[in-house]
Amino acid sequence: LVPLVEMGPVIAMAAIAVGFFLKHPRAAAASLAVAGLSATLYGSVFGEPLSIRGASFWAFTVTPAVFALSGVFLPGFRSGWKTAFLAALISGALWLLWVGTPMLNHVPPLMAPLFIGIWCALAIILGQERLVCLDPGVQRAARQIAASRDMGGTLALTGAGVSTASGIPDYTSGQLLDPAVPLARYSFEAYLSDAGSRSLYWTSCARFRNVALAVTPNAGHLALAALEASAYVPSTITQNVDGLHQAAGTRQVMELHGNIFRVRCLACDEESAWPADNTWAQVTPSCSLCGGLLKPAVIAFGENIRVATWQQADSDARGCAAMLMVGSQLAVSSASALLTIVRDRGAPCIFVTVGEVGVPIFPNDTLLVLRAERALPALARLLDVSIPRLAPKSKMPS
């Protein structure tokens, strides 16, 4: 029995190696390579590479640190490999420090260095998004986005939920439109026919514009801009009119419903800045070029989306390989129509929302019940995309 006892560490190592390879071959190969290096270094320092203590150094510390992060927690992601090797370094150093401390060397470290090393590495590499990054749904979405990168990319469609963290309330909250006023008074037809409705419309748009001027892009906007810069999300279609995607650095933005910082002539279609000195509060402004009726350049109830805008959105939907819908209930017909175009082509669809979704969820879809400012940075982290810490200093147009 003595030879069998002496071979105990070798047998244990072999059993662990077999189990690793059955689970994830690439992660197993990497973990065992690190194990071999660490065992060699340990043996050169302590002169006992196959002792029980030496085996525990790599079997309970270094090896599982590499395998857990690259093959279990974050499989298939570059950030998983970075985290794995950092965790191995931290946990190995903690183990050596533990056994080298006179007050602790008689107490087996067991797996304490491993757990500490893993969580320290996750905090360093993934930051405050680490818990969201471990969500299987978020990882599935990240893989879908990565797989689509070279086949047309992922088209982003955003709604009010992407801007609420910046301080802009959504339209159903009653903070932007007076709840005591019937919605029909804000319609496009009412704007054309009734001076009182035009005054209400300008007042509500001015209120929204003042809110939008006072806020800055949040983490969701910044992450989406970073995903565009890394060619994962080549273009963004937004139902929002607040300009925060552009302020965050996103270049290809298609504004379905217009922009709150501009006004448009309903006769010649010319766009310009808002009238100075709030002259709109006394009389409906007219176009300086043709004398036509001016209107804030946002789509009113019953107003059609501009033809050129819809044609570009339709083209983007037909050319993408996946679709990422963020902060939208898809209750507006234009948004659901774009989704239908993408689904008809068999492309995967990813939903990020904390509210209800007004469309059915199919097996090929991924639903993330998360706020945009949490989900989008986590997706960027998993795809190894760096996100700027602060929003670029960008003045909104006045």
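Colleague: Which residue in E2 is the bridge partner of Ala156?
Modeller: The model is predicted. Strand E1 (residues 154–158) pairs with E2 in the parallel sense, over four bridges. In E2, the bridge partner of Ala156 is Thr236.

Colleague: Which residues of E2 point the other way from Thr236 and Thr238?
Modeller: In a regular strand, side chains alternate between the two faces of the sheet. Strand E2 covers residues 235–238, and all are buried. Thr236 and Thr238 point one way; pointing the other way are Ser235 and Ile237.

Colleague: Which residue in E3 stands opposite Ile237?
Modeller: Strand E3 (residues 253–255) pairs with E2 in the parallel sense, over three bridges. There, Ile237 stands opposite Met254.

Colleague: Which strands stand at the edges of the sheet of six strands, each with a single partner strand?
Modeller: The sheet is open, its pairing is parallel, and its order is E3-E2-E1-E7-E8-E9. The two strands at the edges each have a single partner strand, so one side of each is left without a neighbour in the sheet. They are E3 and E9.

Colleague: What is the average twist from one strand to the next in that sheet?
Modeller: The order of the six strands is E3-E2-E1-E7-E8-E9, with parallel pairing. From one strand to the next, the twist averages 15°.

Colleague: Are H13 and H14 roughly parallel or roughly antiparallel to each other?
Modeller: H13 covers residues 307–319 and H14 covers residues 333–344. Their axes come within 8 Å and cross at roughly 30°. Angles under 35 degrees count as roughly parallel. H13 and H14 are therefore roughly parallel.

Colleague: How do the residues in the contact of H13 with H14 divide by type?
Modeller: The crossing is right-handed. H13 brings Trp310, Ala313, Asp314, Ala317 and Arg318, and H14 brings Ser334, Ala337, Leu338, Ile341 and Val342. They divide into seven nonpolar, one polar and two charged.

Colleague: In the sheet of three strands, which strands stand at the edges?
Modeller: This open sheet has antiparallel pairing, in the order E5-E4-E6. Each edge strand has a single partner strand, so one side of each is left without a neighbour in the sheet. The edge strands are E5 (271–272) and E6 (294–298).

Colleague: How many of the eight residues of E4 are buried?
Modeller: E4 covers residues 258–265, and two bridges join the strand to E5. Four bridges join E4 to E6. E4 is largely enclosed by the rest of the structure, because the number of its residues that are buried is seven.

Colleague: Which residue in E6 does Val263 stand opposite?
Modeller: In E5, the bridge partner of Val263 is Ser272. In E6, Val263 stands opposite Pro296.

Colleague: Which residue takes a positive phi in the hairpin of E4 and E5?
Modeller: Five residues lie between the two strands of this hairpin. The residue with a positive phi near 70° is Asp269.

Colleague: Is Ser163 buried or exposed?
Modeller: Ser163 is found in the loop between E1 and helix H9 (188–193). Its contacts, not counting residues up to four places away in sequence, are Ile168, Asn218, His221, Asn240, Asp242 and Leu244. The cut-off for buried is under 20% relative accessible area. Ser163 has 1%, so the residue is buried.

Colleague: What is the C-alpha to C-alpha distance from Ser163 to His221?
Modeller: In sequence, Ser163 and His221 are 58 residues apart. In space, the distance is 7.9 Å.

Colleague: What percentage of the residues of the chain count as buried?
Modeller: The chain has 15 helices and nine strands. Of its 398 residues, the percentage that count as buried is 48%.

Key:
Residues numbered from 1 in each chain as written. Predicted model: local features only at pLDDT ≥ 70, side-chain atom pairs only at ≥ 80, totals over all residues. Heavy atoms only, no water. Axes fitted to C-alpha atoms, helices over the stretch in contact; angles between N-to-C directions. Parallel < 35°, antiparallel > 145°, perpendicular 65-115°, else oblique. Left-handed = near helix turned anticlockwise from the far one by under 90°. Contact = heavy atoms within 4.5 Å. Nonpolar A, V, L, I, M, F, W, Y, C, P; charged D, E, K, R; others polar. Buried < 20%, exposed > 50% of the residue type's maximum accessible area, 1.4 Å probe, protein only. Pairing = 2+ DSSP bridges.
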